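Please examine the sequence and the three-dimensional structure shown below before reading the briefing.

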Amino acid sequence: MSRDEIKDVLLEIIADIDEEADFASLDADAPLRDQLDLDSMDFLDIVMELRKRYKLQVPEEEYPQLATLTSCIDYLEPKLQKF
Amino acid sequence: MQYTPLDQVRSRYDAIVVGSGLGGLTCANRLAAAGHSVLLLEHHIQLGGLAAWFKRGGHIFDVSLHGFPYGMVKTCKKYWGKAIRDSIVQLKNIVFDNPQFSLRTTFSKEDFIRILQGRFGIDPEVVDKFFATVDGMNFYDDQRLTTRELFARFFPGRSDVHRLLMEPITYANGSTLDEPAITYGIVFSNFMNRGVYTFEGGTDKLIGLMADELRAKGVDICTGAKVDRILVEKGMTAGVAVKGRELKARAVVSNAGVTNTIDQLVGQDRFAADFIGRFSKVRVNNSSCQVYFGVRPGESIPDVGDLLFTSTAVEFSSEEMRRMDTGSRTFSLYYPKTRPQRPPDYTIVASMNADYGDWAGLDQEAYRTAKEAMVDRCFADLSRYLPGIRAKVDTVESATPRTFHRYTLHTKGTSFGTKFEGLDISRSLHKEIGGLFHVGSVGIIMSGWLGAINYGVIVANDVDGYLRG
Ligand SMILES: Cc1cc2nc3c(=O)[nH]c(=O)nc-3n(C[C@H](O)[C@H](O)[C@H](O)COP(=O)(O)OP(=O)(O)OC[C@H]3O[C@@H](n4cnc5c(N)ncnc54)[C@H](O)[C@@H]3O)c2cc1C
């Protein structure tokens, strides 16, 4: 998957979790948590959805790498290469 | 409600959930949504665990529907759907009445700021700093600071303020001033977010909707099915033994108490010695007593508030609150708005904290006498808010730690799981025995309706990771 495709998937998953999420003014390098009102339960939902779609396991220690949109993409890019 | 008879369930599932408290129900729902086959086994004839209701004298009484934080709105919408979310409504009239102060509040941050500054004369800057501190608390903070120390830092010598801040939380989860302050901060901030909420339609409606959702997702549900053992083969979870049958599953999620799970369902001998060493330090929280009053049809009572925190004790004391003859109790008033779908009904539930040990050893006669004395004390206190209430009530029932133990099997009838140290034990079960998980009230922060549901989601994620691993 390209970086753009990964980004689309992430935004789609987040939109499913939070219907009111507004991506228009999203800063890709600032924490998602602050901008979209995501809490730790929402991050868990993202992790579970990634596992369901791509059999991807994100260990708890690595959750901090999902902090911003850019860091998410950096983290997922090598893992989603074959998709 | 009709569920699947035990002799008709399959012999193998991806996951078996033992117990249908809110944690077990939610975990089952999430696992089914993720595509796993799930069997839910419940020992009682009714689902919901402590999210219980019962019918007596034509009334419906709710056991644990006194109030939960606003966070339930988001949690229910995400994990149970909009129909459940849409029934969550605010309880606006929360009353405190004790020898130190009497006041009415929405139990929200704005209102508490107003009360702390106006009524208690606390410097606005101190109030601000206190809220900033508790709002910012999280699981990874220093766990040595106690709530007592936290209060002493911000409100030294102000036992009235300590009472305002602590009494509701002691009722909500059995905690004392000696727990880690983070457990206080997390739970208190949850409530302060927007006040206290309830489920319109009653506990029976909520659990009914949850059961419908589970069945729609293909979860098999058996009630009256007490699991005797969780089967472990070669250090891995293999299934459960229930009523003489062995059912296989790669993952078993126990919603029984974490102490029951290790001591009775699995057996301490299955775990490594150092794990059992840590486990032996786990303390369970206190249990509860309740007295239920039903008002005769045709009679009504005035609106004196939704939730009354009442006490005749001079100061806040969690020990006093657990005594058999405590003068501290909450009254939850259920007006016809609680169940708009039914004919108008007024019920009142008095709730007290209680220690199992005080009640467990009583012989039949002493037990009956103690219950009658408790009912009398509750009537006397209630009459202060509702004069003449004795003449209006046609149904009275009571529950003690023995009752809670009988229905949930929980160690010492605990109402709120374990103290903080239980959380780590619950979280690390699957590291000891592959495929073994616990969900349900632990660690203070994972108790209550919101805590139990959220924990169900967290554990479902672990189980899903295991099953797909
Ligand atoms: C009196 C009282 C008032 C409360 N008020 C509130 C309130 O106002 N707001 C709030 O948020 N919270 C309240 N709570 C707390 C809240 O009800 C609980 O924290 C929550 O419901 C617990 O959910 P749980 O998942 O831990 O499971 P539980 O409800 O404890 O259920 C566990 C289930 O497992 C079953 N089980 C156990 N062993 C077995 C076995 N071997 N085989 C099969 N099944 C088994 C039990 O029968 C039970 O159904 C109250 C609790 C009490 C006691």
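The points that follow are grouped by topic.

This is a predicted model, in which local features need pLDDT of at least 70, side-chain atom pairs count only at pLDDT 80 or more, and totals for chains, interfaces and linings use all residues. Residues are numbered from 1 along each chain as its sequence is written, while chains are lettered from A and ligands numbered from 1 in the order in which they are written.

**Overall form of chain B**

- Chain B has 18 helices and 19 strands; helices (H or I, at least four residues) and strands (E, at least two) are DSSP runs, numbered from the N terminus.
- The radius of gyration of chain B is 22 Å, which agrees with the value near 23 Å that a compact globule of 469 residues would have; this radius is taken over C-alpha atoms, and the globule rule is 2.2 Å times the number of residues to the power 0.38.
- Along the principal axes, the C-alpha atoms of chain B fill a box of roughly 60 × 55 × 50 Å.
- Of the 469 residues in chain B, 49% are buried; a residue is buried if 20 or more other C-beta atoms, placed from the backbone, lie within 10 Å of its own, exposed if 12 or fewer do, and partly exposed in between.
- Among contacts in chain B between residues at least 6 apart in sequence, 74% join residues at least 24 apart; two residues are in contact if their C-beta atoms, placed from the backbone, lie within 7 Å.

**The nonpolar core**

- The largest nonpolar core holds 144 residues, of which B:Ala15, B:Ile16, B:Ala28, B:Val38 and B:Val253 touch the most other members; such a core is a set of buried Ala, Val, Leu, Ile, Met, Phe, Trp, Tyr and Cys residues joined through C-beta atoms within 7 Å.
- Helix H18(B) gives the most to this core, with 9 residues.
- Beyond its neighbours within four places in sequence, B:Val38 is in contact with residues including B:Tyr13, B:Ala28 and B:Val219.

**The ligand shell**

- Around the ligand there are 41 residues, and B:Gly19, B:Gly21, B:Gly23, B:Gly49 and B:His66 come nearest; a residue is near a molecule if its C-beta atom, placed from the backbone, lies within 6 Å of it.
- H18(B) supplies the largest share of this shell, 4 residues.
- By class, the shell has 16 nonpolar, 23 polar and 2 charged residues; Ala, Val, Leu, Ile, Met, Phe, Trp, Tyr, Cys and Pro count as nonpolar, Asp, Glu, Lys and Arg as charged, and the others, Gly among them, as polar.

**Contact between the chains**

- The contact takes 9 residues from chain A and 10 residues from chain B.
- Helix H18 (residues 448-467) gives the most to the side of chain B that touches chain A, with 6 residues.

**An antiparallel sheet**

- In chain B, 3 strands form an open antiparallel sheet in the order S5-S9-S6; two strands pair if DSSP finds at least two bridges between them.
- S5(B) and S9(B) are joined by 2 bridges, and B:Pro69 stands opposite B:Val196 in S9(B).

**Two single residues**

- B:Thr26 lies in helix H1 of chain B and counts as buried because it has 28 C-beta neighbours inside 10 Å.
- Not counting residues up to four places away in sequence, B:Thr26 touches B:Tyr79, B:Ile453, B:Gly456 and B:Val457.
- A:Glu49 is in helix H3 (residues 40-54) of chain A and is partly exposed, with 19 other C-beta atoms within 10 Å.
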